[in-house]
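Please read this short report alongside the model shown below. Confidence comes before the local features.

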Amino acid sequence: GNIRMGFGHYRIAMAMASAAHALGYTPYWFDFHACQEATGGKIIAHLNRLYSMGSRWSQKYPLFNRLVWEPVSAGSFRKLSYNSEDQKVAELMAPVCRNLPSDLPFVATHVWPAQAAVHAGMTRVVNAIPDNWPMALHLAEGAVHTVQTPSAFLGYKTLKGMDGQRILKPIPAGQLVETGHYVDHELVANLEEDTRKRLDRLESGAPLRILLTVGGAGAQAELYGALLRHLLPEARTNRVTLLVNVGDHRDVWERLARSVPGLEEEARLH
């Protein structure tokens, strides 16, 4: 279960599907954002527009970042009171889960699908928390929570800072698991051989391949534009090969093409 709101949640969902497939299961891709006619889909689309705008403005306007974006993302999102509001909103997303078998294993890579699945009566829900910075935003009571690092485990276990300076009751045993990083099976299954081939490429003088992945919000578009302007001459002399992945966000590619002279003429689109 994912919402395709930001590249990170989408990437983690791909990693989960990859791991499930490697273990012999058949994964189903459940994109809440695609349910555009449902109330939940409309809510996610609206919040996605707001988040994308705020994310871009935070990069463009330092004052907005300091006075609005940082206090919201590092302060408001951290509080249990914010989570209680989210829990109520997620009830409006639950109907799209109600035709699924209640005992179907359900891995959510954003808290809203996890909360919606729990509200819909699903009993085997895993809430894969993407952020290592502990925030109440990511809690889905009734699900098993997974985190990637020991520091995240400690922070979420103790609900650190989620109600000011109060010491809160810890998350009960069995409801929080440290799993390590969420990585596609294909990226690690052949790691030693792939690394050997990369070293061979370096030694042979082949072009250095650089993959740039840009999320749908395009918050880092200016940074990526600067990188591409610097690297394009290297690509023309065959010292590097540039691979730019914008997923299905064509508008992000068009912004980059406008900001980097010669990029569109040199690129081969797929």
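## Confidence

Confidence in the protein is lowest in helix α2 (residues 39-60), with a mean of 85, and highest in β3, at 98. These values are pLDDT, the predictor's confidence in each residue, from 0 to 100. The protein averages a pLDDT of 90, and 97% of the residues score at least 70. Where pLDDT is low, the predicted coordinates should not be read in detail.

This is a predicted model: local features need pLDDT of at least 70, side-chain atom pairs count only at pLDDT 80 or more, and totals for chains, interfaces and linings use all residues. Residues are numbered from 1 along each chain as its sequence is written, and side-chain values use heavy atoms, with hydrogens and water left out.

## Helix α10

Helices (H or I, at least four residues) and strands (E, at least two) are DSSP runs, numbered from the N terminus. In helix α10 (residues 250-259), the buried residues are Val-252, Trp-253, Leu-256 and Ala-257. Seen down the axis of α10, these residues fall within an arc of 140°, so they line one face of the helix. The arc is that of the directions from the helix axis to the C-beta atoms. Buried means under 20% relative accessible area, exposed over 50%, and partly exposed in between (1.4 Å probe, protein chains only).

The buried residues of α10 pack against α9 (221-236), β7 (240-245) and α11 (263-266). Contact means heavy atoms within 4.5 Å.

## Asn-83

Asn-83 belongs to helix α4 (residues 80-90). Asn-83 counts as buried because its relative accessible area is 8%. Leaving out residues up to four places away in sequence, Asn-83 touches Gln-115, Ala-136, Leu-137 and Leu-139.
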